[in-house]
Amino acid sequence: MAVLDALVAIENGRAADRVLKAAFDRRKWLPPARSRIARLTLGVCRHRAQLDWWLEQAGCRSAPLARLAAALVLIEGLDKGQLRKHLPHLPTPETHAAQFLMDHTLDHPDQPAAVRSNLPSWLMPHLKARFGDRLLAEATALCGEAGLDMRANAIKGGRDAAMAALAEDGIIALPTPYSPVGLRVEGRPAIARSRAWREGLVEVQDEASQLAALILGAKPGERVLDFCAGAGGKTLAIAAAMANKGRLIATDSDERRLTEAVTRLRRADVHNVTRHVIGAEGDKWLSRQKGAFDRVLVDAPCTGTGTFRRNPDAKWRSSAEELAHLTALQAKLLDRAAALVKPGGRLVYATCSILAAEDEDQIDAFLARHAGFRIVPLADAWAAVGSEVPEPGAGPHLLLTPARHETDGFFAAVLERLP
Ligand SMILES: C[S@@+](CC[C@H](N)C(=O)[O-])C[C@H]1O[C@@H](n2cnc3c(N)ncnc32)[C@H](O)[C@@H]1O
């Protein structure tokens, strides 16, 4: 069964989105079957702690097959006959466990907070420190399903043109609350089949990521660097803000990711981007660019704790050791990027993490190391997003969460190099 194969591959350390993509490339499932396979696979990852807790109550060892059987009963509500149809060769211990679970629901008052929130226990003290009394609400939202947001491409007519083109394909998309170029789509339509997507009027991008790119405030004619550009999600948004004018350089240490940006840039009609693969430990080209950029974005590699709704399998690969490795790397990348900013220019540091260690602690440490930079308060930086757009919160930084803003969890800080 496709779901079980996917769960086994994920258990062996592969990322769910790649596993599912490979499964769908191998066999041409009809769209309803594809979405059922994806929903069930991700549902097991999403609720893994609760499924494991229930399997323990039932005296059954946790493994992909047992979790799948538990999910079919506790999440999908299957009865004995339906379960037998789905998993005809279920071994006896798993069958007994599934029967035990038929009298129950996923939540149980005896479940500890980490189990109820379906989060790894190492993360809980970090989230408690961040959210205090709101911990459960924030953790529960992090376990939910993410919506589908798109960014309307200003180079190709902007939000009204995008909404009209989507409507031609029967796709309903409404403006997002904060991003002036954001659209939130109703339901789960096949975006990639729409004319609006094929012709580059829209790009799939969470509202939080759109704001991180906008807050950079890049203007037409400037020299801008997207330091950790990856497959170009934010590069595209910055190019649109620059109206295709000026120079935007997209760098990353991962050549494969940077190459993925090429078709996206072409589809969006972006012409002002140059790509440059850089060494993970520094780069000759970079060392010649000291003080050369008006704006630099560091969209840093991070734990991705803010995107657990989209990548629920990543929760179970995250660890305190990974956090320690990433915070050291983030500090290094920030220091490297700082040298590239012109006097009076701006440096934006962003993560899709909601952990203070990767967010404001990183900024505080940076400011202690770099007396030549100051923080630009969010209220001032927000002018770049649009004067009519409500600010998503007070404080010096941008901090978005699924529970409060219905976006991915995201952090961004704007720093200015003193003239
Ligand atoms: C959060 S992702 C970037 C996502 C991208 N900006 C987007 O919007 O789609 C972080 C990126 O940092 C890159 N990275 C990791 N280590 C790096 C290094 N030492 N130098 C430059 N980039 C690095 C990774 O390859 C990854 O693409």
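Which residue in β8 is the bridge partner of Leu 225? The legends below start there, and the model they describe is predicted.

**View 1. Strand β5 pairs with β8.** The bridge partner of Leu 225 is Val 296, in β8. Strand β8 covers residues 293-299. Three bridges join β5 to β8, and the two strands run parallel.

View 2. Strand β5 spans residues 223-226. Four bridges link β5 and β6 in the parallel sense. Now look at the loop between α14 (233-241) and β6 (247-252), where Ala 243 is found. Ala 243 has a phi near 50°, a positive value in a residue other than glycine. Most residues other than glycine have a negative phi. Is Ala 243 buried or partly exposed? Ala 243 counts as partly exposed because it has 14 C-beta neighbours inside 10 Å.

**View 3. Strand β6 pairs with β7.** Strand β7 is made of residues 273-277. Five bridges join β6 to β7, and these strands run parallel. Thr 251 has His 276 in β7 as its bridge partner. To get from β6 to β7, the chain goes through helix α15, residues 255-267. This β-α-β crossover is right-handed. In a regular strand, side chains alternate between the two faces of the sheet.

View 4. The core draws at least three residues from each of domain 2 and domain 3. Pick out Tyr 349. Which residues does Tyr 349 touch, not counting those up to four places away in sequence? They are Val 298, Ala 300, Leu 334, Gln 362, Ile 363, Ala 412, Ala 413 and Leu 415. In soluble globular proteins, nonpolar side chains tend to be buried together.

**View 5. Helix α13 is mostly covered.** This helix runs over residues 207-214. How many of its eight residues are buried? The count is eight of eight. Among them are Glu 207, Ser 209 and Gln 210, along with Leu 211 and Leu 214.

**View 6. Domain 2 touches domain 3.** The chain is divided into domain 1 (2-118), domain 2 (148-204) and domain 3 (207-417). The centres of domain 2 and domain 3, taken over C-alpha atoms, are separated by 23 Å. Their contact takes 15 residues from domain 2 and 18 residues from domain 3. On the domain 2 side, the residues divide into six nonpolar, five polar and four charged.

**View 7. Asn 118 sits in a loop.** The loop lies between α8 (113-116) and α9 (124-131). Phi of Asn 118 is near 55°, a positive value in a residue other than glycine. Why does Asn 118 count as buried? Asn 118 is buried because 25 other C-beta atoms lie within 10 Å, and the cut-off for buried is 20 or more.

Notes: Residues are numbered from 1 along each chain as its sequence is written. This is a predicted model: local features need pLDDT of at least 70, side-chain atom pairs count only at pLDDT 80 or more; totals for chains, interfaces and linings use all residues. A residue is buried if 20 or more other C-beta atoms lie within 10 Å of its own, exposed if 12 or fewer, and partly exposed in between; C-beta atoms are placed from the backbone. Two strands pair if DSSP finds at least two bridges between them. Domain bounds come from an automatic or database domain assignment. Two residues are in contact if their C-beta atoms, placed from the backbone, lie within 7 Å. Ala, Val, Leu, Ile, Met, Phe, Trp, Tyr, Cys and Pro count as nonpolar, Asp, Glu, Lys and Arg as charged, and the others, Gly among them, as polar. A crossover is right-handed if, with the strands pointing away from the viewer, the path from the first strand over the helix to the second runs clockwise.
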